[in-house]
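Work through the exercises below with the model open. Each task is followed by a solution in steps.

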Amino acid sequence: MKLPILIHPDPRLKKACAPVPDLSDDLRALAKDMLETMYDAPGIGLAAPQVGVLSRLIVLDCQKDENSAPRPLVMFNPEIVALSEDVNVYEEGCLSIPDQYAEVTRPEAVTVAWLDEAGNPQEEEFDGLWATCVQHEIDHLNGKLFIDYLKPLKRQMITRKMVKLKREMARP
Ligand code: ZN
């Protein structure tokens with residue numbers, strides 16, 4: 001089932017999310033719906049607060065090459081356990097901030113620990129686009145958006161555009 005995606009500014013996008021205490025069928029179903037919503041958008045990552053659920057859950061698939069098989073990842077309680085000193089600059093966007101892009105500097109590689117859908121602990125090092133995406137999604141769980149890395153003027157400009165967009169969307 002496709003879920004509606006919250007558009008910035010929304011207070012739910014600024015909240016720190018609670019850890020998932022126990023995996024339930026409801027949470028697994030939510031992760032499945034989030035993947036469907038992400039692929040449909042289309043996007044490469046989605047965090048639970050973006051669909052209004054304040055739980056530490058993200059989904060991502062940064063497989064861009066058309067010839068490679070999809071690699072949907074579902075992460076409950078993801079945590080960055082190591083960061084590289086080297087950094088990377090990517091032009092980022094966000095499904096909650098449609099059609100706005102800006103360069104963000106982040107560590108080039110990160111090691112992430114999480115629980116998979118079966119409740120098993122996983123740990124993996126990501127680099128390139130995967131590293132940027134997983135950091136962007138984990139930021140969402142801490143109420144942080146990619147525009148929070150930008151200079152205030154640029155951030156305010158984007159926020160004003162989103163307020164206008166939401167007003168237009170709300171019109172009958
Ligand atoms: Zn985002």
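Helices (H or I, at least four residues) and strands (E, at least two) are DSSP runs, numbered from the N terminus. Two strands pair if DSSP finds at least two bridges between them. The model is predicted: local features need pLDDT of at least 70, side-chain atom pairs count only at pLDDT 80 or more, and totals for chains, interfaces and linings use all residues. Residues are numbered from 1 along each chain as its sequence is written, and side-chain values use heavy atoms, with hydrogens and water left out.

**Exercise 1.** Determine in which sense S4 and S5 pair, and over how many bridges.

Solution. Step 1: locate S4 at residues 87-94 and S5 at residues 97-107. Step 2: the pairing is antiparallel, with 7 bridges. Step 4: the two strands make a hairpin, and 2 residues lie between S4 and S5.

**Exercise 2.** Find where the cis peptide bonds from His 8 to Pro 9 and from Ala 41 to Pro 42 are placed.

Solution. Step 1: for His 8 to Pro 9, omega is near 0°. Pro 9 belongs to the segment before helix H1 (25-40). Step 2: for Ala 41 to Pro 42, omega is near -5°. Pro 42 sits in the loop between H1 and strand S1 (45-47).

**Exercise 3.** State which strands hold Asn 77 and Asp 99, and give the phi of Asn 77 and of Asp 99.

Solution. Step 1: recall that most residues other than glycine have a negative phi. Step 2: Asn 77, not a glycine, has a positive phi of about 50° and is in strand S3 (residues 73-83). Step 3: Asp 99, also not a glycine, has a positive phi of about 65° and lies in strand S5.
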